[in-house]
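Biologist: I'm new to this one. Could you show me how to read it, feature by feature?

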Amino acid sequence: MSNYDINGRLYSAEPKPGQCLRTFLRDLEVFGVKKGCDAGDCGACTVWLDGKPFHSCLVPAFRGEGRKITTVEGLSKNGELHPIQKAFHDAQAFQCGYCAAGMMMTTASESFDDHRKDDLPHALKGNICRCTGYRSIVDALHGKTNIEEDVAGNALGASIPNPHTDAILTGQARYTMDIAMPNMLHLKVLRSPHAHARLKSIDKSKALAIPGVVAVYSWEDVPRRLYSTALHEDHLVDPDDTYMLDNVARFVGQRLVAVVAETEAAAEAGVRAVQIDYEILPAVFDPVAAMEPGAPLLHDKDVVTQSGNLFCTLQGEIGDVARGFKDADAVHEHTYSTSRVQHVHLETHGSIAYKGEDNRWHVRTSSQGPFAVLKKLAYLTGVPAREIHVFTERVGGGFGGKQEMVSEDLPLFATMKLGGRPVKWEWTREEEFIGATTRHQMTTRVKLGARKDGTLTAMEVHVVSNTGAYGNHGSETLAAAMASPIAAYRCDNKKGIGRVVYTNMTPGGGFRGYGASQTTFAIECAMDDLARLLELDPVELRRKNVVRPGDNVESIWQEPGDASFGSHGIDECLDIVERELKKGNGVAKPAGEDWLEGSGSALAMLECGPPTEHRSSAEIKLLPDGTYHLACGTSEFGNGISTAIKQIAASILGVRSSDVSLTNADTDRSPYDTGTFASTGTVVAGKATHITAEAMRDDILDFAARHTGIDRDQCRLDNDAVICGDRRILLKELHHAGAKVNHRFTVGRRAYLSPRSIAFNVQGVRLAVHKVTGEIRILHSVHAADIGRPINPMQCRGQLDGAVSMGYGWALIENMVHDEGGHMVNAQLRNCRVPAFADTPHTDIFFANTVDTIGPLGAKSQGECAINPVAPAVSNALANATGVRYAHLPFTPDRLFAALAARK
Ligand code: FES
Ligand code: FES
């Protein structure tokens with residue numbers, strides 16, 4: 001045995017042959033060391049060797065012998081946070097917190113001196129954060145405090161720190177994979193190397209002969225039930241077109257065979273040893289080609305499609321569009337397209353399933369919707385839902401990628417077959433790129449007609465959405481694409497046709513912005529193009545036509561919807577962005593004639609939540625010590641919902657947020673919630689919490705009045721007590737009095753999402769573009785958000801920062817490249833990049849001063865929509881700078897150069 005000094009403690013252990021330091025440390029249950037890539041690209045695994053930071057996934061474990069190894073768990077001393085932990089605490093320099101350990105190990109090291117602090121783009125090049133947009137991390141490094149004190153009665157609108165802050169920053173927070181269990185088995189899958197193939201035969205014998213392999217499952221072994229991986233309240237909105245394991249591969253990366261073994265290495269070896277005889281089938285990748293007669297068919301008659309590969313069509317018309325174009329003085333028509341990108345939540349998908357001492361099945365998972373997962377697992381396995389428990393621990397990001405059941409079913413199936421032994425399946429980064437879902441690639445043709453004064457007379461939108469091999473979220477993202485972006489403008493004549501098409505590509509899925517991002521890009525570019533045609537100011541054109549209270553909020557459908565104005569802040573947002581861009585920020589374009597400069601902006605509208613049913617429940621208990629416990633099914637994955645709902649409850653009950661403890665996202669211990677997606681956290685789970693807290697307040701006051709014999713009107717809550725007349729009774733005493741008469745001080749309420757309020761976001765960009773190299777530099781980035789009253793302004797700003805940063809990634813950098821056989825050729829973070837610090841401009845964030853009358857305590861949704869106006873604002877600024885419309889994402893230098901060269 002060799003000795004390892006880890007955080008000052010000696011461990012006697014022997015690394016496995018070829019083992020890297022990251023997995024070695026985690027085998028020793030040092031779980032503060034995270035994995036984002038296992039390739040040296042993300043920095044989540046950063047540790048110190050003799051005080052110097054290293055990516056531990058790149059360091060052979062044996063090199064740690066005889067050296068002082070420090071992980072995030074070793075930063076604090078004697079219970080005192082290290083100064084960098086304190087700085088991250090005060091600035092709240094994290095959201096999901098998954099990157100925080102690595103960030104701190106990089107920035108707390110001695111080599112991170114002032115010189116490095118002055119060059120953060122370089123100094124932080126090895127650490128990626130997908131959530132924050134890096135601003136709060138800069139704040140931490142510059143010693144800025146973003147938090148406010150948690151004061152009883154003042155929870156609403158206060159920037160109260162995340163309740164899990166210390167656990168996250170000291171490495172004690174437990175994410176999905178941060179657990180060691182006796183007898184743990186490991187699951188790995190063989191993924192299809194072909195875009196379309198039938199499995200003629202599967203030879204498992206060599207795999208089963210590998211020492212440590214305990215089972216190999218293929219399509220013949222698992223339940224043959226069609227389902228959809230998408231998580232929604234109503235499962236009928238997604239097509240049942242997927243089998244747990246299938247005998248037909250429909251995209252490169254589809255899981256085909258699962259191998260379960262005593263170790264990950266044995267499971268991987270088992271995967272390599274499985275032999276499949278494939279019958280290669282013709283494949284189709286382009287959705288237009290896939291609709292042609294004679295195109296290879298993705299699904300057979302088991303799956304209902306509209307016709308062939310056409311999964312569904314959504315269409316509608318209001319008014320008379322032909323007439324509207326006739327009445328127009330100018331008509332603009334153009335095609336815009338958006339790219340397929342991946343969520344890249346830093347924590348990959350993963351689940352652990354096992355049989356508990358209660359003889360029930362337990363699934364610990366990284367999910368945005370554990371209750372919806374439970375329903376699907378019960379359906380797939382045929383086991384009653386009451387015998388299955390699904391729960392999350394801390395989840396390292398989601399962005400819609402975890403609104404999908406992709407990692408839970410196989411471990412559950414395996415543990416059921418293997419006597420209840422725990423079965424763990426942790427995905428690699430490559431699997432995320434090729435086997436998880438992506439944003440739907442959409443091509444949108446927009447036709448707009450307007451009078452000379454800018455009044456829109458007609459809008460027509462045609463969308464083709466490539467849903468890939470499976471239709472999860474296909475129809476819902478299309479419905480979203482055809483809704484808010486079109487409804488954002490008042491126009492009597494609107495028409496749209498959208499088609500969702502199966503192809504042999506990686507399936508699309510839910511992704512922040514959810515379909516609306518794609519058509520917002522198209523329509524907001526088209527609005528600028530129309531303004532140019534009419535020689536009008538593009539912001540004025542938007543102001544003139546944007547929907548207002550009193551208007552019908554309608555897209556292309558005649559049926560009345562439930563979206564309505566609980567507040568209206570779009571004018572203020574447009575004013576803010578226009579004012580700030582005019583004012584400037586003093587950043588000049590680089591010198592030289594080859595640099596062109598331009599500005600642009602775009603707006604986005606969001607109906608707060610999906611049109612289909614969405615519900616959430618909350619329960620509040622008064623505890624014997626006079627504090628409260630809140631249980632709510634909503635999921636926390638860096639979206640800040642656990643902080644927000646505690647604040648909502650605390651503000652109604654007049655206590656500190658820390659006086660409300662929370663259990664969430666656990667199908668045994670918290671009440672039902674559809675799932676945390678589609679911007680529903682604050683407006684549905686928050687609403688459930690709001691009305692439950694009001695019910696608790698009423699329950700306490702009613703009881704206090706009866707108990708004291710003092711009129712109910714004379715009773716009120718006062719922090720940890722209730723005041724009745726001139727008596728002040730501590731809540732713990734009241735609880736005691738209640739116990740004597742069997743009064744339990746426990747209430748529960750449910751919230752449904754209707755009506756839905758309307759939120760807006762506006763993005764402004766000033767940029768410089770180099771006409772020879774195609775390089776783009778963002779000089780000024782401004783964002784204004786109409787999100788109602790922010791429950792926690794710091795957190796809201798963080799969500800907006802993160803969404804805007806993701807928008808820049810989508811516009812400028814992120815690009816999944818596939819070859820002609822459908823193989824992704826850049827399935828590594830270093831080749832399919834997401835914004836690093838150096839790629840992320842600082843964005844000035846502003847809030848419109850609105851208080852919503854529909855959302856809880858005046859709040860509206862805010863996590864999603866901020867991404868939507870970014871790419872069109874960049875395109876509009878590029879058009880302003882160069883005179884060329886860049887209509888296809890992403891705007892990479894080679895594409896810019898080609899377009900500029902073509903212009904010449
Ligand atoms: S896990 Fe080591 S750098 Fe990403
Ligand atoms: S907080 Fe950085 S990745 Fe989530």
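This is a predicted model: local features need pLDDT of at least 70, side-chain atom pairs count only at pLDDT 80 or more; totals for chains, interfaces and linings use all residues.

Biologist: Which residues of H2 and H3 meet?

Modeller: From H2 you have Ile 84, Gln 85 and Phe 88, and they meet Met 103, Met 104 and Thr 107 of H3. Sorted by class, that contact has four nonpolar residues, two polar ones and no charged ones.

Biologist: How many of the nine residues of H2 are buried?

Modeller: Seven of the nine, so H2 is mostly covered. The buried residues are Ile 84, Gln 85, Ala 87, Phe 88, His 89, Asp 90 and Ala 91. They pack against H3, and also against helix H6 (135-141) and helix H7 (165-169). Just past the end of H2, look at Gln 92: it takes a positive phi of about 50°.

Biologist: Now the cores. Which residues have the most contacts inside the largest nonpolar core?

Modeller: Phe 88, Val 874 and Phe 891, in a core of 152 residues. Helix H23 (residues 793-813) gives the most to this core, with 10 residues.

Biologist: What does Val 874 touch, not counting residues up to four places away in sequence?

Modeller: Val 874 touches Val 765, Leu 767, Tyr 808, Ala 811, Leu 812 and Phe 891. There's also a second, separate core of 43 residues, and Ala 155, Cys 632, Leu 701 and Leu 731 are included in it.

Biologist: One last stop, Gln 518. Where is it placed?

Modeller: You'll find Gln 518 in helix H17, which runs over residues 516-534.

Biologist: Is Gln 518 buried or exposed?

Modeller: Compare its relative accessible area with the cut-off: buried means under 20%. Gln 518 has 2%, so it is buried. Setting aside neighbours within four places in sequence, Gln 518 is in contact with Thr 338, Arg 439, His 440, Met 442 and Trp 810.

Conventions
Residues are numbered from 1 along each chain as its sequence is written. Chains are lettered from A and ligands numbered from 1 in the order in which they are written. Side-chain values use heavy atoms; hydrogens and water are left out. Contact means heavy atoms within 4.5 Å. Helices (H or I, at least four residues) and strands (E, at least two) are DSSP runs, numbered from the N terminus. Ala, Val, Leu, Ile, Met, Phe, Trp, Tyr, Cys and Pro count as nonpolar, Asp, Glu, Lys and Arg as charged, and the others, Gly among them, as polar. A nonpolar core is a set of buried Ala, Val, Leu, Ile, Met, Phe, Trp, Tyr and Cys residues joined through side-chain atoms within 4.5 Å. Buried means under 20% relative accessible area, exposed over 50%, partly exposed in between (1.4 Å probe, protein chains only).
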